[in-house]
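Visitor: I am new to this structure and would like to learn how to read it, one feature at a time.
Guide: Then let us look at it together.

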Amino acid sequence: GSGQWRFWYTPLQDAASPSPSSASQPNERLLSEHESRFVLDDGFLLRFLHASAFDVQDAISHLEATYRWRASFQGEGIECVKESTIQNELKLKKVFFFEYENEHRPVLYIFPRRHVASEVDPLEVQRHGVFICETAARIVRPPHNDITIVFDLSGLGRKNLDFGMAKFIVTTIQEHYPEGFGLCLLLDAPYLAYYGWHIVKLWIHKRDRDKVHFIHRHDLSNFVPSHRIPSDLGGTAAFNGEYEAREERIGAFSPYWEAEWVVEAPVHLSPALLPPSLRPPSAQSSATS
């Protein structure tokens, strides 16, 4: 139909121009125009090639696995990842994107102390994690196709440890959103966090482990300008993460680029996690009206 690409998992090269005689294949799947634009984007494909050390066949195998995963996630496919299905997670304000760091990467802040494993729905937490990955993949822009992640580990307790969910997130990022982050900063880690890190790092590829650094809160300004750091993390920016979605589009605007740009996204994704500095101009104007 109009606005859709017909895609077969095997062979991969048939994705853009499938044979009409293959219409009865069991692995057939229709991708929306928005999702096709995303998963076939040069930047997205290059991540897989880079993660495979430019082994084309290995990159293709990983891409095929990702397409299957996107079609089968939680029995519904990636389409089940909607704000309406992660409302409890959004209310906890565990994560939010805010501003850019010194290398012009968008920054994702994560607060593990707001996650209590015994009080959440694991499936909703998984959807929330994928929602963040989808958001990150759509707001990045050259010269960097990755983000910086900042974990505020202050106040971390045993009730916040969730190794099962941590393994799901790590595996999902590495297998389906490779090369998604360029830097990961762990702030004010208590002893318990170091214990957890010795377990989690076993699931992380060495190329990504080398991007992880333990730092103190006052050192964050070495990576992110103080005026771009939220005040509760030692910066001077007033931001508490409580921004409501107003449009069914994810976009970004950066003063470092010569022109504004907007990234189209599936209609079920919106800027719920994005402050005005990362929203398209139309979203910013509607927020102030």
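Visitor: Where is Arg105 found?
Guide: This is a predicted model, in which local features need pLDDT of at least 70 and side-chain atom pairs count only at pLDDT 80 or more, while totals for chains, interfaces and linings use all residues. Residues are numbered from 1 along each chain as its sequence is written, and side-chain values use heavy atoms, with hydrogens and water left out. Arg105 lies in the loop between strand S3 (95-100) and strand S4 (106-110), strands (E, at least two residues) and helices (H or I, at least four) being DSSP runs numbered from the N terminus.

Visitor: Is Arg105 buried or exposed?
Guide: Buried means under 20% relative accessible area, exposed over 50%, and partly exposed in between, with a 1.4 Å probe and protein chains only. Arg105 has 12% relative accessibility and therefore counts as buried.

Visitor: Which residues does Arg105 touch?
Guide: Contact means heavy atoms within 4.5 Å. Leaving aside residues up to four places away in sequence, Arg105 touches Glu99, Tyr100, His144, Asp146, Ile147, Thr148, Gly182 and Leu183.

Visitor: How are two packed helices described?
Guide: They are described by the angle between their axes and the distance between the axes. Axes are lines fitted to C-alpha atoms, for helices over the stretch in contact, and angles run from 0 to 180 degrees between N-to-C directions. Here the axes of helix H2 (residues 42-51) and helix H3 (residues 56-72) come within 8 Å and cross at roughly 125°. The contact is formed by Phe44, Leu45, Phe48 and Leu49 of H2 together with Val56, Ala59, His62, Leu63, Thr66 and Tyr67 of H3.
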